[in-house]
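Work through the exercises below with the structure open beside you. Try each task before reading its solution.

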Amino acid sequence: MKVLVAVKRVVDYKVQIRVKADQSGVETENVKMSVNPPDENAIEEAVKLKEQGLAQETLAVTIGDDKAQDVLRTSLAMGIDRSILVKSPNSLEPLAVAKTLSKIIEKENPDLVLLGKQAIDDDSNQTGQILSALLNWPQACFISDLKIEGNKLFLSREIDEGIEKLETNLPAVLTCDLRLNTPRFASLPNIMKAKKKPLDIIDISTLGIDTNPKIKVLKVEEPPKRKAGIMVNDVKELVEKLKYEAKVI
Ligand code: AMP
């Protein structure tokens, strides 16, 4: 089995986000960038499948500018075998990302494609779903457990009512939840070894796909500042304030 993992470079989740002065987006210059957190779960799962002897080859793919090589090096240091940067001068919408991934999948022929459930920068939660439609492969989103027996996948996903159990066949597209596993830290020797692992670069213009944005961002604003709270002495006072001052009950 060959496993392909889609990895996005995003502003690190610990960074305090700043909106650009012209309100065209968020500041990414001189800001710590990292692997999108659920994509680390996807990487971890792929590496575990290789360690269990279920996968013969693991491949990480990112679409981004030259700097996005760093998330591929991290993926390789965590145990992925080889990687591809699809170089794009602009950041792409989920539809264009899914089209790009489908072109790479055509060439690479993986049996299983793992993505994060959501990118923490755009919060779109769309790429895996669009990709499965483009490929006409089964999909399971937000998986929190995965077992593979032969060609069959046994999956769990957390839903409002509890845990949903699903069964499907390879090839498939899965998007990973943070509960799926605990991503490993890349050790120093593995970071050194990762420098020698393959990182191929493909220019997005060679793939012959339309990557033009379909959505126009009008402006990005900071959320309104929260007002200071007040302390109440007991439940009675709280209920009175909610009833007569805030008028919400
Ligand atoms: P989204 O639909 O934007 O919330 O992203 C969902 C998942 O798609 C991410 O967790 C990644 O696995 C994948 N993805 C999104 N954008 C990219 C990108 N530029 N390069 C590689 N993978 C991506």
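Predicted model: local features only at pLDDT ≥ 70, side-chain atom pairs only at ≥ 80, totals over all residues.

**Exercise 1. The whole protein**

Task: Find how many helices and strands the protein has, and describe its overall dimensions.

Solution: 
- Start with the secondary structure. The protein has 6 helices and 11 strands.
- Next, take the extent of the C-alpha trace. Along the principal axes it spans about 65 × 45 × 40 Å.
- Turn to burial. Of the 249 residues in the protein, 40% are buried.
- The accessible surface is about 14,800 Å². Carbon and sulfur atoms hold 52% of that surface.
- Last, ask how contacts bridge the sequence. Take contacts between residues at least 6 apart in sequence: 70% of them join residues at least 24 apart.

**Exercise 2. The shell around the ligand**

Task: Determine which residues surround the ligand and what kinds they are.

Solution: 
- Count the shell. The ligand is surrounded by 18 residues.
- Pick out the closest. They are Asp39, Ala119, Asn125, Gln126 and Thr127.
- Sort the shell by type. It holds 7 nonpolar, 8 polar and 3 charged residues.

**Exercise 3. Backbone atoms at the ligand**

Task: Find the polar backbone atoms that lie by the ligand, and state how much of the ligand the protein covers.

Solution: 
- Begin with the ligand's nitrogen. One nitrogen atom is 2.9 Å from a polar backbone atom of Ile63.
- Go on to oxygen. A ligand oxygen lies 2.9 Å from a backbone N or O atom of Gly116.
- Now take the cover. On its own the ligand has 490 Å² of accessible area, and the protein covers 97% of it.
- Ask which elements take part. Strand E4 (57–64) and strand E6 (112–116) each give two or more residues to the shell. E4 gives the most, with 3 residues.

**Exercise 4. Helix H3**

Task: Compare the span of helix H3 with the expected value, then list its buried residues and what covers them.

Solution: 
- Locate the helix. H3 covers residues 94–108, which is 15 residues.
- Check the span. From first C-alpha to last it reaches 20 Å, close to the 21 Å expected at 1.5 Å a residue.
- List the buried residues. They are Pro94, Ala96, Val97, Ala98, Thr100, Leu101, Ser102, Ile104, Ile105 and Glu108.
- Recall a general point for reading such a list. An α-helix has 3.6 residues a turn, so residues three or four places apart point the same way.
- Find the cover. The buried residues of H3 are covered by elements including strand E1 (2–6), E4, strand E5 (82–87), E6, helix H4 (127–135) and strand E11 (199–203).
- Step past the end. Asn109 follows H3, and its phi is positive, near 55°.

**Exercise 5. Thr58 and Arg82**

Task: Decide whether Thr58 and Arg82 are buried or exposed, and trace their contacts.

Solution: 
- Apply the cut-off: buried means under 20% relative accessible area. Thr58 has 0%, so it is buried.
- Trace its contacts. Leaving out residues up to four places away in sequence, Thr58 touches Val3, Ala46, Lys50, Gly79, Ile80, Asp81 and Arg82.
- Move to Arg82, in strand E5. At 17% relative accessibility, Arg82 is also buried.
- Look for a polar contact. The side chains of Arg82 and Glu108 are joined by one of 2.9 Å. Glu108 is among the buried residues of H3.
- Beyond four places in sequence, the partners of Arg82 include Lys2, Glu57, Leu76, Pro198 and Asp200.

Methods. Residues numbered from 1 in each chain as written. Heavy atoms only, no water. Near = heavy atom within 4 Å. Polar contact = N/O pair within 3.5 Å; in protein donor to acceptor, adjacent residues only side chain to side chain. Areas by Shrake-Rupley, 256 points an atom, 1.4 Å probe, with all protein chains shown as cover. Helix = DSSP H or I, 4+ residues; strand = E, 2+ residues; numbered from the N terminus. Nonpolar A, V, L, I, M, F, W, Y, C, P; charged D, E, K, R; others polar. Expected span 1.5 Å × (residues − 1). Buried < 20%, exposed > 50% of the residue type's maximum accessible area, 1.4 Å probe, protein only. Contact = heavy atoms within 4.5 Å.
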